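Please open the model in your viewer and keep the sequence beside it. This tour goes from one selection to the next and says what is there at each stop.

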Amino acid sequence: MIFSKLTMRELFCQADKNMYIDKKQAKINEATEKRDLILRVIQQLKDKGYNFSDCIYCDAKIDAYFTLRASYSFFLAEDGIYSGAVEQILNELFEENKKEEYRHVLQLDYLNECLTKENPVLEISFCHQIKRTKLKGKIIAVYLDSDEKNHLHHFALGFKIYYDKIEMDEKQQLMRYYDQLKQSILENDHYIEALMAIAQLVFSVNLTQNQIDGIYDNYMCADKKPNLPCDYNAYFKQLKANVLEDCLGSFSVVESSQSLLN
């Protein structure tokens, strides 16, 4: 036998190693299963016409949730108790005089009654004044499946949040775009497909050679595309003529290959 000549101490060390390997593999399998589940649910939501930036996956039977998607400003933890998340949702999105009413609507008992295969969507509007900005939008509960007794089992809770006056600085705009890009890359196997999921136009560029190698655009007419590869600086000099004056500051970052390299 392989271990017949090992001491008891060496056997215990070997057992510890095997246990570590087993635990690591179990964690890998668990993470893979969770990722597959997230991708399946997100696709289910897309098939129903929903594409939330912030969304949680809820289990009504065990009063639990975990995050499917979350932007940098999303206020819920990655996972936790659903009934606890309800309290945080009420505090973040609802005026004090509306909390009790919507606490009832978001409870699992109420959702079990009204969220069914026949009535798969429940929309809850909210409006909350924060200093001089009015926060408003919808919470959308989407039915996913029931248990063997036809009680609600899994559902998604998506958030659509708007502001009466959107004033985002460049960092906020970048963070929002980063969130979208990150989620798209996680949900697509190919980076070009991931980029195209959120961008109208994508360039493949060799910066050190000042050269555009590829242009990916679902809407650009064939006769508008330059012969590739082409000179990066020359092409973007032409684009600059169509850039609004207010956007020239941001455009200067991509105006030349050297500015991007810098």
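**Stop one: two asparagines in loops**

Begin by selecting Asn150, which lies in the loop between E5 and E6; helices (H or I, at least four residues) and strands (E, at least two) are DSSP runs, numbered from the N terminus. This is a predicted model, in which local features need pLDDT of at least 70 and side-chain atom pairs count only at pLDDT 80 or more, while totals for chains, interfaces and linings use all residues. Residues are numbered from 1 along each chain as its sequence is written, and side-chain values use heavy atoms, with hydrogens and water left out.

Although Asn150 is not a glycine, it has a positive phi of about 65°. Is Asn150 buried or exposed? With a relative accessible area of 63%, Asn150 is exposed, where buried means under 20% relative accessible area, exposed over 50%, and partly exposed in between, using a 1.4 Å probe and protein chains only.

Now select Asn210, which is found in the loop between E7 and E8. Asn210 is not a glycine either, yet it has a positive phi of about 50°, but at 17% relative accessibility Asn210 counts as buried.

**Stop two: the sheet around that loop**

Select E7, E8 and E9, which form, in that order, an open sheet of three strands with antiparallel pairing; two strands pair if DSSP finds at least two bridges between them. Strand E7 (201–206) and strand E9 (230–231) stand at the edges with a single partner strand each, so one side of each has no neighbour in the sheet. Six bridges join E7 to strand E8 (residues 211–217), and here you can pick out Asn206 opposite Gln211, as well as Ser204, whose bridge partner in E8 is Gly214. The hairpin of E7 and E8 has four residues between the strands.

Move on to Pro229, in the loop between E8 and E9, where the peptide bond from Leu228 to Pro229 is cis, with omega near -5°.

**Stop three: the nonpolar cores**

Which residues touch the most other members of the largest nonpolar core? Select Ile89, Phe155 and Leu157, which do so among its 31 residues; a nonpolar core is a set of buried Ala, Val, Leu, Ile, Met, Phe, Trp, Tyr and Cys residues joined through side-chain atoms within 4.5 Å. Among the elements that each supply at least two residues of this core are helix H2 (82–93), strand E1 (54–59) and strand E6 (152–163), and H2 gives the most, with six residues. Apart from this core lies another, of 14 residues, among them Ile38, Val41, Tyr50 and Leu68. In soluble globular proteins, nonpolar side chains tend to be buried together.

**Stop four: the cavity**

Finally, select Ile42, Leu45, Lys46, Tyr50, Asn51, Phe52, Cys55, Leu68 and Arg69, which line the largest cavity; a cavity is a set of points on a 1 Å grid over the protein atoms alone where a 1.4 Å probe fits but cannot get out, and lining residues have an atom within 4 Å of a point. About 50 Å³ of space lies in this cavity, the volume being the space filled by probe spheres set on the points, which are joined across faces, edges and corners. Helix H1 (8–47) and strand E2 (64–69) each supply at least two residues of the lining, and the largest share, three residues, comes from H1.

Technical notes
On a 1 Å grid over the protein atoms alone, a cavity is a set of points where a 1.4 Å probe fits but cannot get out, and a pocket is an open set with protein on both sides within 12 Å along at least five of seven lines; lining residues have an atom within 4 Å of a point.
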